[in-house]
Amino acid sequence: MKKNILMIVGSMRKESFNRQLANKIKEILGDRAEVSFLEYSGIPYMNQDIESPAPNQIVRIKDEVLKADALWVITPEYNFSYPGVLKNLLDWLSRPLKENDFSSGTAVKMKKVTISGVSGKSAAGGARKKLTELLKLMKMELMETPQTGVALTSEAFKTDKIDLSQTDIDALNQQVDEFLKFIGE
Ligand SMILES: Cc1cc2nc3c(=O)[nH]c(=O)nc-3n(C[C@H](O)[C@H](O)[C@H](O)COP(=O)(O)O)c2cc1C
């Protein structure tokens with residue numbers, strides 16, 4: 001049975017480099033996994049006043065995450081960390097499945113996950129490091145290495161098209177192979 005991987009892109013931008021990277025990962029995965037993308041641009045800000053009953057969109061995203069065999073988070077770096085939109089999503093996903101019942105688990109607890117990122121010079125190193133800490137705190141089963149970090153060239157910033165080097169492609173291939181093993185292909 002093919003595993004089903006849910007991609008979570010930490011950018012809302014239409015021409016997002018991180019979404020372009022996610023598409024490349026999907027292409028590399030080919031027919032070795034089922035791939036879908038979590039669409040969460042319309043979810044509200046976490047606010048405990050509206051947590052219960054959960055908004056429909058939150059019910060939907062929790063359901064999609066629960067159904068996935070594994071998650072792949074692909075994130076930009078904003079000021080040495082991951083963007084607020086991604087933190088907001090993860091905050092919703094960190095909440096108990098049953099209201100006020102902290103023994104009921106969460107949609108992400110023990111979920112297998114891996115991280116990649118595209119940014120400026122840092123190759124999303126700061127974002128990936130902080131996200132590594134957060135996902136472990138959320139008790140996710142994180143494949144900590146390898147991760148793929150892509151540093152954008154000045155040409156890419158001009159054209160809005162990601163230009164992956166052979167080193168980037170090799171790193172992605174390695175991460176794909178390792179992650180498929182990790183999730184028990
Ligand atoms: C608010 C903001 C802060 C940023 N901070 C960093 C940073 O700390 N390090 C870095 O390498 N790039 C930084 N960048 C550049 C983004 O990571 C880069 O533009 C990335 O490609 C955006 O991802 P996207 O194309 O998927 O939206 C920042 C961009 C923005 C908008």
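## Terms and model

An axis here is a line fitted to C-alpha atoms, for helices over the stretch in contact, and angles run from 0 to 180 degrees between N-to-C directions. Helices (H or I, at least four residues) and strands (E, at least two) are DSSP runs, numbered from the N terminus.

This is a predicted model, in which local features need pLDDT of at least 70 and side-chain atom pairs count only at pLDDT 80 or more, while totals for chains, interfaces and linings use all residues. Residues are numbered from 1 along each chain as its sequence is written, and side-chain values use heavy atoms, with hydrogens and water left out.

## The annotated region

## Helix α3 and its two partners

Helix α2 (residues 56-67) and helix α3 (residues 84-93) have axes that come within 10 Å and cross at roughly 80°. The two helices are therefore roughly perpendicular to each other, given that angles under 35 degrees count as roughly parallel, over 145 as roughly antiparallel, 65 to 115 as roughly perpendicular and the rest as oblique. In this contact (heavy atoms within 4.5 Å), I58, I61, K62 and V65 of α2 meet L89, W92 and L93 of α3. The residues of the contact of α2 with α3 divide into six nonpolar, no polar and one charged, where Ala, Val, Leu, Ile, Met, Phe, Trp, Tyr, Cys and Pro count as nonpolar, Asp, Glu, Lys and Arg as charged, and the others, Gly among them, as polar.

The axes of α3 and α4 come within 12 Å and cross at roughly 5°, which makes α3 roughly parallel to α4. Here L86, K87 and L90 of α3 are in contact with L131, L134 and L135 of α4, and the residues of this contact divide into five nonpolar, no polar and one charged.

Within α3, the residues L86, N88, L89, L90, W92 and L93 are buried, a word that means under 20% relative accessible area, with exposed over 50% and partly exposed in between (1.4 Å probe, protein chains only). What covers these buried residues includes β1, α2, β3 and α4.

## The nonpolar cores

A nonpolar core is a set of buried Ala, Val, Leu, Ile, Met, Phe, Trp, Tyr and Cys residues joined through side-chain atoms within 4.5 Å. The largest such core has 27 residues, of which L71, L86, L89 and L131 touch the most other members. At least two residues of this core come from each of β1 (3-9), α2, β3 (70-75), α3, β4 (112-119) and α4 (125-137), and α3 gives the most, with five residues. Apart from this core lies another, of 26 residues, among them V9, F17, V150 and L180.

Leaving aside neighbours within four places in sequence, L131 is in contact with V73, T75, Y82, L86, L90 and I115.

L71 lies in strand β3 and, at 1% relative accessibility, counts as buried. Not counting residues up to four places away in sequence, L71 touches L6, I8, V65, V108, K111, K112, V113, T114, M140 and F179.

A68 lies in the loop between α2 and β3, and is buried as well, with a relative accessible area of 4%. Not counting residues up to four places away in sequence, A68 touches N4, L6 and K111; A68 and K111 are 43 residues apart in sequence and 8.5 Å apart in space, C-alpha to C-alpha.
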